[in-house]
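User: Please take a close look at one strand in the middle of this fold, with its partners and its surroundings. Keep it brisk.

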Amino acid sequence: MPAIPPMDGKVNHAPHVVLLGAGASIAAYLDWGSEGNELPSMQGLIDTIGLREDIEKAGFEANGLNFEAFYDELASSGEHPDLLYEIESKVYEYFSSLSLPDKPTIYDYLILSLREKDIIATYNWDPFLLQAYMRNENIAEGRRPQLAFLHGNVSIGVCEKDRVSGVNGRVCSQCDQLLSPSKLLYPVKHKDYNSDPFIKGEWDALRSSLNYGYFLTVFGYSAPKTDVEARSLMLEVWEKNRSLELAEVEVIDIRLKEEVEDSWSEFFFSHHYMVVDDVFDSYLFTHPRRSCDAFSSATLMCAPWHDNSYPRFEKLSELQEWIEPLIEEERRYDDEEEQFSGKPLEPNTEG
Ligand SMILES: [Zn+2]
């Protein structure tokens, strides 16, 4: 018998685990209308961040260069340390320069769609996730998901001595020294997720949530087959999840359904998965803050809830006002043990 997730009436305390890859940031960037600095793909990196000249000056041919393979070769051979340094600094600087526009973005909807029992683990270097996390503190303080940065992140600083991480540019809560920028882990062939203590800690957080998660959403992350280390780190704990036979996997991906199934089949238990191409059609965004509760109600108690799909908002404050009743309901549950209603919120009055 599979273990039933930790339930209390309609409230499900098991974590919803969300994994983000480059496709999530690209979807967010396109969705907000591509304002601001361009979001580079691995292939477009050379020209977007101005590396062409450095690469050619060091005697390499930049046309048709596969950046990942090139970086891998450069890092493992130990030759051209100056070029390696130049590449890493420019990548870091460029990603640091990116920022969210004022209007609500997919990242804001995402932060507000999860509770403090949940986790968002990202492979992305860009600062969007942390920016969205910080600007929704006013409405959801103490009620936001955990974050894990699996490849490091330009918005995160660390104090290795005290094992503290925080917003890059701030001081360590223990020793008051300025945090140092977290290292970025590059997509090399053989990654070592254990060599950097900060990155190892992020992986530990993801693995512990995967181990008892009830819902896994993968958004815009297509690499599991090639990223052998990442895949086995995740699969190892997911397969041991005692609620696995009841859990659901949702993949948000613009690729063909067959391709997605091929990438993720090892993570699916029987037919317990869904594939959508638009995050706004996902279970996460049609049951914000209540995905695990609604899903267990539908599948374990045969009492499905109505969808509570996100309306689209022009202003962040409107999105926050809309979601606030759910946060209030969570406070009432904690303080007065009042159960969740499972009823949808008012649709957007603006239409
Ligand atoms: Zn410190």
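**Strand S9 and its surroundings**

Strand S3 (residues 16–20) and S9 run parallel and are joined by five bridges. Strands here are DSSP runs (E, at least two residues), helices are runs of H or I with at least four, and both are numbered from the N terminus. Two strands count as paired if DSSP finds at least two bridges between them.

This is a predicted model, in which local features need pLDDT of at least 70, side-chain atom pairs count only at pLDDT 80 or more, and totals for chains, interfaces and linings use all residues. Residue numbers start from 1 along each chain as its sequence is written.

Phe215 in S9 stands opposite His16. Thr217 in S9 is the bridge partner of Val18. Strand S10 (residues 248–252) also pairs with S9, again over five bridges in the parallel sense. There, Val251 is the bridge partner of Val218.

Which residues cover the two faces of S9? Phe215, Thr217 and Phe219 lie on one side, Leu216 and Val218 on the other, and all are buried. Buried means 20 or more other C-beta atoms within 10 Å of the residue's own; exposed means 12 or fewer; partly exposed is in between; C-beta atoms are placed from the backbone. Five of the five residues of S9 (residues 215–219) are buried, so the strand is largely enclosed by the rest of the structure.

Setting aside residues up to four places away in sequence, Phe219 touches Val18, Leu19, Leu20, Gly23, Ala24, Ile252 and Val279. A contact here means C-beta atoms, placed from the backbone, within 7 Å. Phe219 is also one of the residues with the most contacts inside the largest nonpolar core, along with Tyr107 and Ile120. That core has 86 residues. A nonpolar core is a set of buried Ala, Val, Leu, Ile, Met, Phe, Trp, Tyr and Cys residues joined through C-beta atoms within 7 Å. Helix H6 (residues 106–112) gives the most to this core, with six residues.

Now the partner strand, S3. Five of its five residues are buried. His16, Val18 and Leu20 point one way, and Val17 and Leu19 point the other. Strand S4 (residues 119–122) runs parallel to S3, and four bridges join the two. Val18 stands opposite Ile120 in S4. Val18 therefore has bridge partners in two strands by the DSSP pairing defined above: Ile120 in S4 and Thr217 in S9.

Helix H7 (residues 128–135) belongs in the picture as well. Its buried residues are Phe128, Leu129, Leu130, Ala132 and Tyr133. They pack against helix H1 (22–31), H6, S4, strand S5 (146–149), S6 and S7.

S6 and S7 belong to another sheet. This is an open, antiparallel sheet of three strands in the order S7-S6-S8. Strand S7 (164–167) and strand S8 (180–181) are the edge strands, each pairing on one side only. Two bridges join strand S6 (residues 156–159) to S8 in the antiparallel sense. Ser180 in S8 is the bridge partner of Val158.

How is the chain divided into domains? Domain 1 covers 7–34 + 101–151 + 187–336, domain 2 covers 45–96, and domain 3 covers 152–185. These bounds come from an automatic or database domain assignment. The centres of domain 1 and domain 2, taken over C-alpha atoms, are separated by 32 Å. Six residues of domain 1 are in contact with six residues of domain 2. The domain 1 side of that contact has four nonpolar, no polar and two charged residues. Here Ala, Val, Leu, Ile, Met, Phe, Trp, Tyr, Cys and Pro count as nonpolar, Asp, Glu, Lys and Arg as charged, and the others, Gly among them, as polar.

Finally, the whole chain. The secondary structure comes to 14 helices and 11 strands. Buried residues make up 38% of the 351 residues. Among contacts with a separation of 6 or more, 70% join residues 24 or more positions apart. The C-alpha trace spans about 65 × 45 × 40 Å along its principal axes.

Terms used:
Two residues are in contact if their C-beta atoms, placed from the backbone, lie within 7 Å.
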